[in-house]
Amino acid sequence: MTDTTTNHKTDTASSKNDDRMTLEILRYIPGTHSEPTFQRFDIPYVEDWSILDALGYIKDELDSSLAYRWSCRMAVCGSCGMMFNGVPKLACETFIRDYYPRAIRVEPLENFGIERDLVIDQEPFLEKLESVKPYIIDAMANAPSGKPGAPASHERETIQAGENKQTPKELAMFDQYSMCINCLLCYSACPQFGLNPAFLGPATISLAHRYNQDNRDHGTADRAPALNEKDGVWSCTFVGYCSEVCPKSVDPASAIQQEKVRGATDWALSWILPKGAR
């Protein structure tokens, strides 16, 4: 969602006297501007302002044409990922006091095309995410068959089989990876994605791993072609910066390495086991 209706309110109660800060924000409209440029904004220093609050102040009080994404304001939706002095972070949980009195340079996430100002083009990521089928496939494949006299259709039989319960140990196998909020900070931190935009990337592989680890899911074979292609897991060079910047400690670098092990194991087994036995 591109911000057009922020409800920002200037809170001067926490303002440190009349101190001020400077934000240098990248401005760019493809097709209108010949190249990106930085615009400086002088704002009041309010100790408890996040950078998202500061952007709201700029939009409400200084320049309503500024474009950026935000939604929940509590590090859940993943919409407000940006670069602050060259580091990818969420604007809603990054505070201006951490930079004061230095200026803050605000840029859109690296390695993505720019739609306008701080808004990036997410379409290539969404296409990659779709390719790994990020959802539970055929959850009731191993459910008991229907009782004698039950309806003949498999769907109704499996519904009658009841809940698909998991143990805490089974949940722990994928719980960490289900915390991904698709903020794309990991893509901005990934040097390989910067060099090769076709690389499937950290968040997509991490979410594929989340479902491959779920014992209710039966879609590992369906995800394997995308994960093991040339631009899949094998393009990762294990720099690990993606895990450092992740605001939810998902650790996508670990997920990628585990999927490499899975892919290599499947490849080895394909040479020694008959087809259908793996």
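1. The charged end of arginine 210 is placed over the ring of tyrosine 211, at 4.0 Å from its centre. A charge sits over a ring here if NZ of Lys or CZ of Arg is within 6 Å of the ring centre and within 35 degrees of the ring normal. Arginine 73 likewise lies over the face of tryptophan 70, 5.4 Å from the ring centre.

2. On the basis of the values: this is a predicted model, in which local features need pLDDT of at least 70 and side-chain atom pairs count only at pLDDT 80 or more, while totals for chains, interfaces and linings use all residues. Residues are numbered from 1 along each chain as its sequence is written, and side-chain values use heavy atoms, with hydrogens and water left out.

3. The chain holds 10 helices and seven strands; these are DSSP runs numbered from the N terminus (helices H or I, at least four residues; strands E, at least two). Of its 278 residues, 42% are buried, where buried means under 20% relative accessible area, exposed over 50% and partly exposed in between (1.4 Å probe, protein chains only).

4. Rings of Phe, Tyr and Trp (its six-membered ring) pair if their centres lie within 6.5 Å; planes under 30 degrees apart count as stacked, over 60 as edge-to-face and the rest as tilted. By this rule there are seven aromatic pairs. One of them joins phenylalanine 112 and tyrosine 187, which are tilted at 55° between the planes and 6.2 Å centre to centre. Phenylalanine 112 belongs to the loop between strand 5 (104-107) and strand 6 (114-116) and tyrosine 187 to helix 5 (residues 185-189), so this pair ties together parts 75 residues apart in sequence.

5. Tyrosine 187 is buried, at 0% relative accessibility, and phenylalanine 112 is buried at 12%. The rings of phenylalanine 125 and tyrosine 187 have centres 5.4 Å apart and planes at 75°, so that pair is edge-to-face. Because phenylalanine 125 lies in helix 2 (residues 123-131) and tyrosine 187 in helix 5, the pair ties together parts 62 residues apart in sequence. Phenylalanine 125 is buried as well, at 3% relative accessibility. Ring pairs link Phe112, Phe125, Tyr187 and Phe193 into a cluster.

6. Tryptophan 267, in helix 10 (residues 252-272), is exposed at 56% relative accessibility.

7. Among contacts (heavy atoms within 4.5 Å) between residues at least 6 apart in sequence, 64% join residues at least 24 apart.
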